[in-house]
Amino acid sequence: MPGPFLIHHMVAPLWADIGGPLAPVSIRDQMLRAQSIVSEARHAGAIGAQRPFLVIGGGAAGAAAAREAALNGVPTLLIERNAHLFERQALCNTRWIDPAQYDWPHGWYDTGAYPVTSPAFPAAISVPIPWTAGFASNLAIQWRASVPVPGLSIACGWQLGARQPSLVGPASAPLLRVPLQSTTMKSASVTVGFVLACVGFGSESTSPPSGSTRGTAFWESDSLQTPTASRVLVAGAGDGALQDFLRAATRRKSALDIWQAGVGPLVSKEQLYLLTSAEELSARAYVWSDGRADKQIHADLHRVHQDVVDSIFAQAPPLSPLAPLLASGAEVQLVSREKHFPQCYALNRFLVLFLLKLDECLSRAEPTRRRRLGVHVASLDKIVEYGTTTSPPSAAIPPKLWDAVYSSAGGPQGPFDAIVVRYGITQPARPWWVPSAIARQALPYRPH
Ligand SMILES: Cc1cc2nc3c(=O)[nH]c(=O)nc-3n(C[C@H](O)[C@H](O)[C@H](O)COP(=O)(O)OP(=O)(O)OC[C@H]3O[C@@H](n4cnc5c(N)ncnc54)[C@H](O)[C@@H]3O)c2cc1C
């Protein structure tokens, strides 16, 4: 009998899905979710030595699931439509990712590793693909090397076929025959005990509504931490947008770097506790709500973060140790549809609010200093490319400049030398016979 975790992710007979609209997610979370599904499927007898396993999608989740199953004696086939596993991360050498980064304000967020050794976790937890923090492209190389294990077949350049899978075998222990198709239009089919779809969350919206010019995608290499990006517009206020705001404003690779550069000691234990409980309450409200209350949930959480930031600066901390945080970064303007930020990871929200306040205080203390950071409630409609301002382009002036057009008043004016648009995700297309996966995970998960 499948357990609740597995049932919760099943979208069709012998078929579970951990992509699509499922939220919240991080790479670490996806790997743990995959591991939990495999563990429950094994214990329920859905996969085993005589019941092979098909995993669709060779990203963090699919590779972790396939490796975990094969290591436990389940003959496993992992199919990936691209030519290589982990292409998302492999193509990006400027993004720093960390398996514990989203655990702040819990005590182990600064380990840069998972599993953590903390009194909250038994030391024996194993994870499907152990890793420590690093740049995405380097991690993809490491992960690729650790995925192949005995019992696991990997077929890149293959995806689901167009025809619907069919149940075969005895009614008491049915199997699923699944048609497959290669990118070179070859056909095949496999008969398996269970299928796990890990096809990701879809394609990112990186352009405003009117206009074909797009900003850099989250998993592309960018110039945000270099002097080339000296005036940056960030449209959107979710996690990707806030992460980029922090990178451009400080030129530091991660939120943890900023936290450790003098912010951490200013936050008292009581304030951390307040933030922890606000985050926990908000996460629970989010998974159990149907979407109608989201705005209020995020607005309430935002207020707690803002109150903590305000109370830190009300103590008038010395500004000179904090000033270097903004000394060499870009001028960054954030355009958000609401005054509060939507769902995002706690440390990103906290640090953006912290830096905005720091910027305000530095400018108040030194009236000739221009404010470098801003948040505007507006809706970006279009990006316009200026072209070069000098001919021939000089090394000192970036070759391209951009302007922003808004569909409402209140947006900051260009030119900008980098614009990123983080307008969410469009879900992946599904075969007509695959119902959409669950949108929110209402059950806790952890490896068994
Ligand atoms: C804007 C943004 C910012 C993010 N920031 C972070 C961050 O800072 N840190 C972090 O940990 N996480 C972050 N995430 C989340 C992270 O990207 C995802 O959790 C993670 O990549 C999901 O892994 P996955 O394996 O489920 O999906 P993916 O990595 O998307 O992998 C899915 C794979 O399935 C393949 N596929 C799709 N359809 C088929 C098919 N029909 N047949 C075969 N193969 C198929 C795709 O080619 C792909 O390789 C972010 C996500 C976004 C969008």
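In which loop is Phe 86 found? Phe 86 sits in the loop between β4 (76-80) and α4 (87-90). Before going on, please keep in mind that this is a predicted model.

Most residues other than glycine have a negative phi. Phe 86, however, has a positive phi of about 55° although it is not a glycine. Is Phe 86 buried or exposed? Phe 86 counts as buried because it has 25 C-beta neighbours inside 10 Å, and the cut-off for buried is 20 or more.

Leu 14 also deserves a visit: its phi is positive, near 60°, and it is not a glycine either. You will find Leu 14 in the loop between β1 (10-12) and β2 (15-17). Leu 14 has 20 C-beta neighbours inside 10 Å, so this residue counts as buried.

## Two cis peptide bonds

Most peptide bonds are trans. Now look at the bond joining Trp 104 and Pro 105: this peptide bond is cis, with an omega of about 10°. Pro 105 belongs to the loop between β5 (96-97) and β6 (113-114).

Another cis peptide bond joins Gly 414 and Pro 415, and its omega is about 5°. Here the proline, Pro 415, lies in the loop between β20 (401-406) and β21 (418-421).

## An open sheet and a helix across it

Next, find the open sheet of four strands, which are ordered β18-β17-β16-β21 and pair in parallel. At the edges are β18 (373-377) and β21, each pairing on one side only. Direction ignored, neighbouring strands of this sheet are turned by 15° against each other on average.

How many bridges join β16 to β21? Four bridges link strand β16 (residues 231-235) to β21, and the two run parallel.

## Around the ligand

Which residues are the closest to the ligand? They are Gly 57, Gly 59, Gln 159, Gly 200 and Gly 240, within a shell of 34 residues. By type, this shell divides into 14 nonpolar, 12 polar and eight charged residues.

Several elements supply at least two shell residues each, among them α2 (27-43), α3 (60-71), β10 (158-160) and α6 (239-250). Domain 1 (4-202) and domain 2 (205-425) each provide at least three residues of the shell.

Definitions and conventions. Residues are numbered from 1 along each chain as its sequence is written. This is a predicted model: local features need pLDDT of at least 70, side-chain atom pairs count only at pLDDT 80 or more; totals for chains, interfaces and linings use all residues. A residue is buried if 20 or more other C-beta atoms lie within 10 Å of its own, exposed if 12 or fewer, and partly exposed in between; C-beta atoms are placed from the backbone. A residue is near a molecule or strand if its C-beta atom, placed from the backbone, lies within 6 Å of it. Ala, Val, Leu, Ile, Met, Phe, Trp, Tyr, Cys and Pro count as nonpolar, Asp, Glu, Lys and Arg as charged, and the others, Gly among them, as polar. Domain bounds come from an automatic or database domain assignment. Two strands pair if DSSP finds at least two bridges between them. Axes are lines fitted to C-alpha atoms, for helices over the stretch in contact, and angles run from 0 to 180 degrees between N-to-C directions.
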